[in-house]
Amino acid sequence: MKVRGVLLVLSGPSGAGKGTICQALLKSRPDMCYSVSATTRQPRAGEKDGVNYFFISKDRFEEMIQNDELLEYASVYGNYYGTPRQYVEEKLSQGCDVVLEIDPQGAMQIKKKFPEGVFVFVVPPSPEELSDRIHKRGTDSQEVIDKRLSAAAAELACASKYDYLVVNDQVDVATAKVSAIITAEKNRVARNCDLIDKVCQSFLLAQKEEQHG
Ligand code: 5GP
């Protein structure tokens with residue numbers, strides 16, 4: 001039987017750099033899969049349907065909720081965002097690690113359903129840096145930027161509900177930290193019970209064979 005993959009949940013305020021860390025992580029860990037979320041927000045310049053998000057209507061989103069097609073969902077900055085269920089469940093059972101880049105409301109829903117998930121909160125090195133990054137991104141209106149900045153403090157207060165905190169000062173260092181967390185989690189005894197059983201059985205078998213000459 002395949003060992004189930006690790007479900008990694010990355011959250012943090014807008015501008016913390018979760019997206020950049022995710023991309024770097026996917027490059028450095030080829031077995032890792034990214035769960036593309038569904039959203040009712042409009043695509044930003046350069047964003048592609050099915051790659052960054054599944055950009056869908058509010059009606060379709062509500063239909064997905066009704067049909068239990070989402071593992072979690074939340075309203076964030078005035079739009080719906082949610083994680084399609086099937087992809088995540090399939091990949092985990094195939095033994096692939098899956099990363100969700102979602103907000104704290106969604107993360108807490110996942111924690112109830114997947115207590116064995118790994119919850120990482122990414123923070124920027126300072127509030128000034130956060131503001132600077134959101135402005136430099138140049139993809140959002142001032143109104144959206146203001147909404148995101150004022151939500152940041154409330155989001156930061158959720159950090160204590162996560163397993164790990166990673167300060168994203170330098171993307172490569174922060175990515176290496178998240179990658180190390182995944183590696184450590186994959187080696188947890190609790191995730192490898194079948195392997196332990198197998199090793200014990202072959203050890204006992206070898207002992208028996210030795211006793212019987
Ligand atoms: P953005 O509009 O900047 O792409 O994302 C806004 C916020 O929504 C971010 O905090 C992002 O992590 C969160 N988000 C993206 N996808 C999902 C999702 O599937 N579920 C939830 N709950 N939040 C999401």
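Below is a chat about the sheets, cores, cysteines and one arginine of a predicted model.

Q: Before we start, what kind of model is this, and how are residues numbered?
A: It's a predicted model, where local features need pLDDT of at least 70 and side-chain atom pairs count only at pLDDT 80 or more, while totals for chains, interfaces and linings use all residues. Residues are numbered from 1 along each chain as its sequence is written, and side-chain values use heavy atoms, with hydrogens and water left out.

Q: OK, what's the strand order in the open sheet of 5 strands?
A: The order is β2-β7-β1-β8-β9, with parallel pairing. Strands (E, at least two residues) and helices (H or I, at least four) are DSSP runs numbered from the N terminus, and two strands pair if DSSP finds at least two bridges between them.

Q: Which strands stand at the edges there?
A: β2 (32-34) and β9 (164-167); each has a single partner strand, so one side of each has no neighbour in the sheet. From one strand to the next, the twist averages 25 degrees.

Q: How many bridges are there between β1 and β8?
A: β1 (residues 7-11) and β8 (residues 118-123) pair in the parallel sense over 4 bridges. Val9 has Phe119 as its bridge partner in β8.

Q: And which strands does α4 lie across?
A: Helix α4 (residues 104-113) lies across β1, β7 (97-101) and β8, at about 155 degrees to β1. Angles run from 0 to 180 degrees between N-to-C directions, using axes fitted to C-alpha atoms, for helices over the stretch in contact.

Q: Switching to the largest nonpolar core, which residues touch the most other members?
A: Out of 19 residues, those are Leu7, Val9, Val88, Val98, Leu100 and Ile110. β1, α3 (85-93), β7, α4 and β8 each supply at least two residues of this core, and β8 gives the largest share, 3 residues. A nonpolar core here is a set of buried Ala, Val, Leu, Ile, Met, Phe, Trp, Tyr and Cys residues joined through side-chain atoms within 4.5 Å.

Q: What does Val98 touch?
A: Leaving out residues up to four places away in sequence, its contacts (heavy atoms within 4.5 Å) include Leu7, Met32, Cys33 and Val88.

Q: Cysteines next: how many disulfides by the distance rule?
A: The count is 0, with a disulfide taken as a pair of cysteine sulfur atoms within 2.5 Å.

Q: Where does Arg41 lie?
A: Arg41 is in the loop between β3 (37-39) and β4 (53-55), and it counts as buried at 8% relative accessibility.

Q: Which side chains does the Arg41 side chain make polar contacts with?
A: Glu47 at 2.8 Å, and Tyr81 at 3.3 Å. A polar contact is a pair of N or O atoms within 3.5 Å; within protein, one must be able to donate a hydrogen and the other to accept it, and residues adjacent in sequence count only if both atoms are side-chain atoms.

Q: And what stands opposite Tyr81 of β6?
A: Ala74 does. β5 and β6 (residues 79-84) run antiparallel, joined by 6 bridges.

Notes. Buried < 20%, exposed > 50% of the residue type's maximum accessible area, 1.4 Å probe, protein only.
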